[in-house]
Amino acid sequence: MDREQLAERFAEAASMPRDMVMGASVITITGRNEICIENYRGILEYTDLLIRVQTKSGQIRLSGKNLQIEYYTNDEMKITGRIVQLEFTDGRKTG
């Protein structure tokens with residue numbers, strides 16, 4: 001059993017949220033025009049057409065029109081604009 005599986009079992013046994021125990025990202029989408037991302041590591045790319053965000057488990061890639069980061073803190077950000085696509089990639093930063 002690897003470390004991630006052990007953490008998942010611990011979270012289940014302790015009735016604790018996975019995001020808290022494992023540092024998993026929490027993504028909240030409101031319609032096609034707003035998304036909040038919690039537990040991210042950094043912003044890799046930021047244009048009005050594409051935003052790439054690094055998380056513990058990989059990258060989140062948002063594409064659309066008029067994308068804008070409304071605010072960000074150390075652990076949460078809010079993105080607005082016309083969201084066309086949301087993509088997840090495994091692994092670490094790839095360029």
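1. Start with Ile-43, which sits in strand S3 (residues 40-46); strands here are DSSP runs of E, at least two residues long, numbered from the N terminus. Ile-43 counts as partly exposed because its relative accessibility is 33%, and that class lies between buried (under 20%) and exposed (over 50%), with a 1.4 Å probe and protein chains only.

2. A word on the model: it is predicted, so local features need pLDDT of at least 70 and side-chain atom pairs 80 or more, while totals for chains, interfaces and linings use all residues. Numbering runs from 1 along each chain as its sequence is written, and side-chain values use heavy atoms, without hydrogens and water.

3. Now the sheet. Six strands make an open, antiparallel sheet in the order S1-S2-S6-S5-S4-S3; pairing takes at least two DSSP bridges between two strands. Strand S1 (26-30) and S3 are the edges, each pairing on one side only.

4. Take a look at S1 and strand S2 (residues 34-38): they run antiparallel and are joined by five bridges. One to find on screen is Ile-29, whose bridge partner in S2 is Ile-35.

5. Ile-35 also turns up in the largest nonpolar core, a set of twelve residues that includes Ile-37, Leu-62 and Met-77. Such a core joins buried Ala, Val, Leu, Ile, Met, Phe, Trp, Tyr and Cys residues through side-chain atoms within 4.5 Å. S2, strand S4 (50-55), strand S5 (58-72) and strand S6 (76-90) each supply at least two of its residues, and S5 gives the most, with four.
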